[in-house]
Amino acid sequence: IVEWHERNRFSPVSGAATTIERAGWVQRDPETGREVFPRTDPAVIMLVHDGGDRCVLGRQAVWPAGRFSILAGFVEPGESAEAAVAREVAEEVGIAVTDVRYVSSQPWPFPQSLMLGFVARATTEELRIDHDEIEEARWFSREELRSGTGPQALPPTVSIARHIIDRWVAGEFSTY
């Protein structure tokens with residue numbers, strides 16, 4: 001909220017400096033009376049599996065070596081969350097998916113997103129990595145993730161990414 005106030009001090013309607021109301025949860029345009037609320041941008045985060053015992057995990061270049069997570073990206077204007085899952089997976093690792101299913105969501109303040117978590121089944125296997133998006137991606141087995149012989153590090157347990165990984169490893173999405 002503090003960041004929102006710092007970046008949005010003027011009304012998008014009249015350009016007038018807004019006043020802060022409702023304990024900071026609303027700004028008001030003094031010329032039009034219009035209320036302005038913080039924006040929330042939808043993002044998708046998805047575990048892609050092969051319908052069996054493998055899933056795709058990727059690694060961003062800015063992360064420490066050995067740290068992997070599930071894939072993610074922003075929903076574009078006019079796009080459904082499910083379509084964003086398919087598009088982002090195709091863009092990042094070059095595989096097609098089906099059976100896109102919603103799992104859960106988590107507020108994500110980087111900068112003002114709502115992460116919508118999904119699982120999806122891959123219909124192709126060969127990874128074609130877009131190195132502008134991610135540095136590395138690989139298939140990992142449930143056993144590698146369960147035993148710790150896979151990635152050196154996974155996302156923290158408070159993250160939606162880890163929540164989805166842990167549920168997949170436990171076999172919760174075997175019917176997906």
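Author: Start with charges placed over aromatic rings. In this predicted model, R54 lies over the face of W139, at 4.5 Å from the ring centre.

Reader: Which ring has the charged end of R142 over it?

Author: That ring belongs to W168, and the charged end of R142 is 4.1 Å from its centre.

Reader: How should I read a pair of aromatic rings, and how many aromatic pairs does a search of the whole structure find?

Author: Two values describe such a pair: the distance of the centres and the angle of the planes. The search of the whole structure gives 2 aromatic pairs. One of them is F68 with F140: the centres are 5.2 Å apart and the planes stand at 70°, so this pair is edge-to-face.

Reader: Where in the chain do F68 and F140 lie?

Author: F68 is in the loop between β5 (54-59) and β6 (71-74), while F140 is in strand β9 (residues 136-141). The two are 72 residues apart, and the pair links distant parts of the chain.

Reader: Is F68 buried or exposed?

Author: F68 is buried, at a relative accessible area of 3%. F140 is buried as well, with a value of 0%.

Reader: What are the distance and the angle for the rings of Y102 and F118?

Author: Their centres are 5.8 Å apart and their planes are at 80°, so Y102 and F118 are also an edge-to-face pair. Y102 belongs to strand β7 and F118 to strand β8 (residues 113-122), so the pair ties together parts 16 residues apart in sequence. With a relative accessible area of 45%, Y102 is partly exposed, whereas F118 is buried at 2%.

Reader: Next, strand pairing. What is the strand order in the open sheet of 3 strands?

Author: In general, strands of a sheet pair through backbone hydrogen bonds, in either a parallel or an antiparallel way. Here the order is β1-β2-β3, and the pairing is antiparallel. β1 (19-21) and β3 (35-36) are the edge strands; each has a single partner strand, so one side of each has no neighbour in the sheet.

Reader: How many bridges join β1 to β2?

Author: There are 3 bridges between β1 and β2 (residues 26-28), and the two strands run antiparallel.

Reader: What does β5 pair with?

Author: Strand β4 (residues 41-49) is joined to β5 by 2 bridges, in the antiparallel sense. H49 has C55 as its bridge partner in β5. β4 and β5 make a hairpin with 4 residues between them, and G51 in the turn has a positive phi of about 85°. β5 also pairs with β9, again antiparallel, over 6 bridges. In that pairing V56 stands opposite W139.

Reader: How many residues of β5 are buried?

Author: Of the 6 residues of β5, 5 are buried, so the strand is largely enclosed by the rest of the structure.

Reader: Which residues does V56 touch?

Author: Leaving aside residues up to four places away in sequence, V56 touches V48, L71, V93, I95, L127, A137, R138 and W139.

Reader: How should I read a nonpolar core, and which residues of the largest one touch the most other members?

Author: The general idea is that nonpolar side chains tend to be buried together in soluble globular proteins. The largest core here has 20 residues, and those touching the most other members are V44, M46, V48, V56, V89, V93 and I95. β4, α2 (81-93), β8 and β9 each give two or more residues to this core. α2 supplies the largest share, 5 residues. A second, separate core has 19 residues, among them V119, L145, I160 and F173.

Reader: Last, backbone angles. Where does A23 lie, and what is its phi?

Author: As a rule, most residues other than glycine have a negative phi. A23 is not a glycine, yet its phi is positive, about 60°. A23 lies in the loop between β1 and β2 and counts as exposed, at 80% relative accessibility.

Reader: What is the phi of D99?

Author: D99 has a positive phi of about 50°, and it is not a glycine either. D99 is found in strand β7 (residues 97-108) and is partly exposed, at 27% relative accessibility.

Terms used
Residues numbered from 1 in each chain as written. Heavy atoms only, no water. Pairing = 2+ DSSP bridges. Buried < 20%, exposed > 50% of the residue type's maximum accessible area, 1.4 Å probe, protein only. Phe/Tyr/Trp six-rings, centres within 6.5 Å; stacked < 30°, edge-to-face > 60°. Lys NZ or Arg CZ within 6 Å of the ring centre and 35° of its normal. Core = buried A, V, L, I, M, F, W, Y, C linked by side-chain atoms within 4.5 Å. Contact = heavy atoms within 4.5 Å.
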